[in-house]
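Subject: Structure handover

Hello, I am passing on a structure for you to look through, and my notes on what was found follow below. Please keep the sequence and the structure open beside them as you read.

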Amino acid sequence: MSASLHSSENAEPNLTPMLDMVFQLVTFFMLVINFQAASLDMSLKLPVIGSARPADKGAEELLVLNVNKNGKVMMYGNEQDPAAFVKNEGKEARFKLELSGKKVKKGEELPTLVVVRADLGTPFELLNKVLTECQNEGFRKFALRAMSKAEGS
Amino acid sequence: MSRKRKKRSGKQEEVTLNLAAMLDMAFQLLAFFILTFKPAPVEGQINLNLPPPRAVLDPNQQQKPEDENEEPGGPAPAHTLTITINSAGNGQVSSIQVGLAKLFDGPLDGNRLRMLDRRLKDVFAIEGKPYDQVLLKVGKSLGYGELMKIIDVCTKQKMADGTPVNKISFVEQAEK
């Protein structure tokens, strides 16, 4: 009796299986984390188009434009003027190309794919301003985003 | 070396690692990942090649498609199909016109979208009129949601050579 009492004082749980399990969970979450989703503004209500194709996950250079109902570009929760924003992005894209040895003048075609995520209530007048700004900077490839199926379905 | 010594001495010292600290850290990492986890929304996209803005001939004055004598940089030739979408003030469609002919009046619904689809199929099937791009004349206040429904119908069409239509350009149309 006294011996068993004495041994229970030193009893320690075996933490190894718990640690294994926790590391497996951490690995899972590390693998599924998506940093690109941070640039998407989730407050926008996208239209639902059944035939919209899944987004390409190539190494293509992307420029994501979250356009709200007021025609402003949303970037990390802040409203930005579309003209100034697109101008900066165009400048940056041209600078990147210049670094890789290809000089592109303003207005010449840029390889960047512009992903437009506009709210379904955005009037065409405001959306067209954003698209025209992009075209003036040299962006030609566009992808208009929509939900493949309604949320909650 | 040390093992040999231990064996020789006959004493087996148990080395126990304190896993509690590591477990704490792992739980903290796990908590971070669980709290920041947000599954990506199921989004699709319609890819478009939007050429730079360019003057387009009025449909009434369009020449035959085989006419190749247009000046470079001048108005787009007749192989541009014009779809006029008039909008009501609330962002809905008020009427749609394909080419010169009015297709329907009233807001978009399933039947009207099917009607537009059939009409475009007929237009693209006409031999000797190889349309290769679509020009959408869109009312200023038309909502992006309604516009996407129409773009969706347009991108489903196939040109005379079998390639899908992805050259779509937009022009703003003044409200009536």
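Two strands pair if DSSP finds at least two bridges between them, where strands (E, at least two residues) and helices (H or I, at least four) are DSSP runs, numbered from the N terminus. This is a predicted model, in which local features need pLDDT of at least 70 and side-chain atom pairs count only at pLDDT 80 or more, while totals for chains, interfaces and linings use all residues. Residues are numbered from 1 along each chain as its sequence is written, with chains lettered from A and ligands numbered from 1 in the order in which they are written.

Strand β1 of chain A (residues 53-54) is joined by two bridges to β1(B), and the two run antiparallel; Arg53(A) has Gln45(B) as its bridge partner in β1(B).

The contact between the chains (C-beta atoms, placed from the backbone, within 7 Å) takes 45 residues from chain A and 41 residues from chain B. On the side of chain B that touches chain A, at least two residues each come from α2 (20-36), β1 (43-49), β5 (133-139), α4 and β6 (168-173), and α2(B) gives the most, with nine residues.

Among the buried residues are Tyr144(B), Leu147(B) and Thr155(B).

Best wishes

Note on methods: A residue is buried if 20 or more other C-beta atoms lie within 10 Å of its own, exposed if 12 or fewer, and partly exposed in between; C-beta atoms are placed from the backbone. Two residues are in contact if their C-beta atoms, placed from the backbone, lie within 7 Å.
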